[in-house]
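Morning, everyone. Please have a look at the screen, and then I'll walk you through a few spots.

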Amino acid sequence: MDKERLVNQRGVALLLFLVVLIAIAGTFVSNLLGMKAAEVTQKKIDHDYEVLRKAKQALLSYAVEYSLTTNNYADMGRLPCPDLRTTGSATTGVQDSPCGSRHVNSVGFLPWKTLGVDSLRDSSSECLWYVVSGDYKTGPNARMRNEDSNGLLQVQDDNGQLYHGANPDDRPIALIIAPGGILQGQSHLPDCQGNSNEANYLESGGSVTYTTDHASIADKIWTYVYGTASSRLENSAFNDKMVWITKDDYWDAIKALNALDTSIPLPGSEIEQLTADLAQCFTAYANDVNNDYFWLPWPADINIAEYRNDADTAGVNGYIDLNNPSSLIGRLPQSISESDSEEFKLTLSQVVTHANKADIFDSCLTAERKDFWQNWKDHFFYAVSRDFEMLDGSTAMLSARCAAAGGCLNMSTIAGVSVSKKIVAIVFFSGSVVIGQSRNSPPVDVDEKNILSNYLDTQGPSLSNAHDHPVDATYSGDVNTYYNDVGDLVYCIWVNAGATAVETGKCV
């Protein structure tokens, strides 16, 4: 009996051992499968972000290559339009330009053929999506695009909290999105043949819905959803992944072409040449055979309702009080019709008969150079001296000008070394923003372009190009003095050595 009991106990023990062993094995297998599943999931995520990074680099390379191959710096660095799938499968992967209206964002598939890369697919074999900000797309071309042009895109997390783009400078100019597999309510056609209806591919999050948030309205910010790490791994209601291109990403790539570097324009660069060309336009105006007194047009207003609008960059009577001039510095004027019309209010013996130009650049800039100026027009400023301003300028011979205090401008260095010339006018190019400057603008943001010190640089309270003349109660220095070494690129117009004409060159 004792022997039989012992056998039974051993059988029970063996059975318990087998149960425990099976449980351990099951746990091991389960953990192993879980690890394998997590490994597979991570590989998919790694793949998705790898193709997204490739797409981002392809877009930046396209922008640089576009600048090089077009040889037209007015078109520098445009980003392609999306592939909207509006012209059939034969053009799959090719951008559809123009895409929408001017200054309106555009969304569709990544135009991989236009970028010169293979069809990039995410881990679900879906084609990538692409959103481009209205001012950066190939067409219709923005009226002005330069390094101060902010993006019109923002990124939220899937809880509706703003993730990227809270500051205007940080708003992306482009997004590249891996849409992932089909989720409930979505519809994907095989082999990326679907139309560019984003609601069929991309998810909403928080308060964002693609069908109402992305209206085709100029200068409207579009918001997209970037899920949290947990939602991208686990949440079956959200599987989009994305990377974005910032304004800095874009312009760092473009400015690597030295000809377009605006931080410190290099000798012979396109920006320096354009500044020289603009100064020469005003020099030619002053030296016209019929311009008896070498007078120059008024500046344009610093505060402009629409900085992209060429018509608003005009030298205007309304900006200058002819009886009590408060400022003879402003934006560089393109339209000079108002200045010219004032000339015809003088006596017949004083009329400048070469006038009545609508555009001072008509005869001195090529069409390409004029297009280049239009992209950077908010960066150019112009100061004219009291002796040479329209209507109220001196009628004395050139040799007698600049004799009275404040009649002409002074150019100095920070060290106090003055340029020994009779300076008639100055053309400024204000380069990249420096610490303390910000250049956001309407219609999307608060206007910061109407503040001179957000463009022209300063070196202490009394060494500044950001001041009015001939009257400025707030400036602690000489209101008629400007500086050639505080950071701005400056070209001067001065009376030549023989006092027979005016000439131009760098203010050195």
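**A loop, a sheet and a pocket**

Let's start with Asn150. Asn150 sits in the loop between strand 2 (129-132) and strand 3. Keep in mind that this is a predicted model.

Is Asn150 buried or exposed? Its relative accessibility is 10%. Buried means under 20%, so Asn150 counts as buried. What does its side chain touch? The side chain of Asn150 makes a polar contact with the side chain of Asn440, at 2.8 Å.

Now follow the chain into strand 3, residues 153-156. Quick reminder: strands of a sheet pair through backbone hydrogen bonds, either parallel or antiparallel. Which sense do strand 3 and strand 6 use? They pair in the parallel sense, over four bridges. Look for Gln154 there: Thr223 in strand 6 stands opposite.

Last stop: the second largest pocket. How much space lies in it? About 250 Å³. There are 16 lining residues, and the closest to the centre are Glu147, Asp148, Lys247, Asp248 and Val433. What kinds of residues make up the lining? Nine are charged, five are polar and two are nonpolar.

Terms used:
Residues are numbered from 1 along each chain as its sequence is written. This is a predicted model: local features need pLDDT of at least 70, side-chain atom pairs count only at pLDDT 80 or more; totals for chains, interfaces and linings use all residues. Side-chain values use heavy atoms; hydrogens and water are left out. Two strands pair if DSSP finds at least two bridges between them. Helices (H or I, at least four residues) and strands (E, at least two) are DSSP runs, numbered from the N terminus. On a 1 Å grid over the protein atoms alone, a cavity is a set of points where a 1.4 Å probe fits but cannot get out, and a pocket is an open set with protein on both sides within 12 Å along at least five of seven lines; lining residues have an atom within 4 Å of a point. Grid points are joined across faces, edges and corners, and a volume is the space filled by probe spheres set on the points. Ala, Val, Leu, Ile, Met, Phe, Trp, Tyr, Cys and Pro count as nonpolar, Asp, Glu, Lys and Arg as charged, and the others, Gly among them, as polar. Buried means under 20% relative accessible area, exposed over 50%, partly exposed in between (1.4 Å probe, protein chains only). A polar contact is a pair of N or O atoms within 3.5 Å; within protein, one must be able to donate a hydrogen and the other to accept it, and residues adjacent in sequence count only if both atoms are side-chain atoms.
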